[in-house]
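Take a look at the sequence and the fold, then read on.

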Amino acid sequence: MTDDSGEMSAREAAEDYRRQRQRSDHGQDEFGAEVRAAFETWRATGRGQIAEMARAYAPSDQDADALADAVLADATTEGLSEIDEPFGHRIISGLVERVRAICADGGIPVREGVVVGVSPTTGLHAYQNEVMLTDVSIIDFALPFVMFCNQFAILLARTLPHVVTDDQVVVSFDPEQLSQSLEDNPERFQEWGLFLAKYAIEGWPLDLPRIDIDAERLRTRLQILFAMEFFAVAHEYGHHVLMHGVTTSSDDHGDPLAMEHDADGFARMVSMVAGTNADPANPFAASGSGAVLMLGALDLVRRTTHVLTTGNTQFPARETHPPTAERIKHVGTFDRFVPDDVRPQFAGMRRDLEAVVEAVWAALESMFLGMHHEGGVKLPAAQKGPLDWMSLC
Ligand SMILES: [Zn+2]
């Protein structure tokens, strides 16, 4: 199946299989239909409601209106399953296309490509699955994933100290300053707590109150958001390119921990290209800090879930994925492809942002312990699901 028509039919078969699987995994309740109905209502009522939603993420009302117009102009259900969430799908597909283009430029074979889904479900799954008898993979993200990255980027950009001088804005990644900023600002501290607790308990975003975004923080927020999302998408695409999950016999699954490191390494390299080529350059993507923040953010949710479930802070090792600190360390080894003079800057940025994530946790841990032991929040033990395999988290 190397000619054009053959390629089409493999992708069509993969897309067909994706929809069947999505229906059986995520189409068993009314949620998908409700999400789609809400989308159609938004589209029919014009930019009003979308602009209302966009206000939480835009620095001004005019920006929110412009964002709503842009979103509406691109809004489509064409090529989607009946339950794919259109806004998230547009974002993930766009990032997949950028990863594919970087592979094409670098002469990296992408096999017969991927088909993308954004499924109406709670939680934060992101996974890649081979489609049997084709050279195509499915990449599927849970609907709240994109919102999660967005809210994390907003909160972090708002919490990191920014110093504005005459000709530039300097962002501080000093974990001590961040701890101080959380201590000085109970409102922000509470937002972080609610943000993590809501995902841990419901797998769903909180209704984030509109946070005024100072103009100098807007770039930080957008760069963090891109670097996180791009790393996540490139990680899943990496599993596809590296043919993970393609098995020759039923017991030959390879070493899952090594495959996760390899997918992270692929994502780091692709992010380095995207971050360096962006105009202006995106240091979060180029340095591998997007990986640090993406993996760190998911780890914060995992820790919150564990504390609210067990009431202790003995976080167990996982069978399917290496510990987050090891993954971050491995991502750092790809600095060998970075010019000598830039290397210390990249390493320093990753180290500081890893410490920033730890500072967020250090500020919140006792609150989550209190929620469990005194507040009566006792989550049921999680079921281990099939989505643990070849996923991001
Ligand atoms: Zn993975």
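## Before we start

One term to have in hand: a helix axis here is a line fitted to C-alpha atoms over the stretch in contact, and the angle between two axes runs from 0 to 180 degrees between their N-to-C directions. Also keep in mind that this is a predicted model.

## A pair of helices

Helix 3 (residues 47-54) packs against helix 4 (residues 61-74) at an angle of about 125°, and their axes are 8 Å apart. Angles from 65 to 115 degrees count as roughly perpendicular and those over 145 as roughly antiparallel, so helix 3 and helix 4 end up oblique to each other. The crossing of helix 3 past helix 4 is right-handed.

Which residues of helix 3 meet helix 4? They are Arg47, Ile50, Ala51 and Ala54. On the helix 4 side, the residues they meet are Ala64, Asp65, Leu67, Ala68, Asp69, Val71 and Leu72.

Arg43 belongs to helix 2, which covers residues 31-45. Is Arg43 buried or partly exposed? Its count is 17 other C-beta atoms within 10 Å, so Arg43 is partly exposed; being buried would take 20 or more.

Setting aside neighbours within four places in sequence, Arg43 is in contact with Leu72 and Ala75. Trp361 is another story: it sits 318 residues from Arg43 in sequence and 39 Å away in space, C-alpha to C-alpha.

## Helix 13 and its buried face

Now hop along to helix 13 (residues 324-332), where Thr324, Arg327, Ile328, Val331 and Gly332 are buried. Looking down the axis of helix 13, you'd find these buried residues within an arc of 145°, so they line one face of the helix. The general idea is simple: an α-helix has 3.6 residues a turn, so residues three or four places apart point the same way.

What covers those buried residues of helix 13? The cover includes helix 10 (256-277), helix 12 (289-310) and helix 14 (343-373).

## Stepping back

Zooming out, the protein has 14 helices and five strands. Its C-alpha trace spans about 60 × 55 × 50 Å along the principal axes. For 393 residues, a compact globule would have a radius of gyration near 21 Å, and the protein's own value of 21 Å agrees.

Of those 393 residues, 41% are buried. And among contacts between residues at least 6 apart in sequence, 72% join residues at least 24 apart.

Methods. Residues numbered from 1 in each chain as written. Predicted model: local features only at pLDDT ≥ 70, side-chain atom pairs only at ≥ 80, totals over all residues. Helix = DSSP H or I, 4+ residues; strand = E, 2+ residues; numbered from the N terminus. Rg over C-alpha atoms; globule rule 2.2 N^0.38 Å. Buried ≥ 20, exposed ≤ 12 C-beta atoms within 10 Å, placed from the backbone. Contact = placed C-beta atoms within 7 Å. Arc of directions from axis to C-beta. Parallel < 35°, antiparallel > 145°, perpendicular 65-115°, else oblique. Left-handed = near helix turned anticlockwise from the far one by under 90°.
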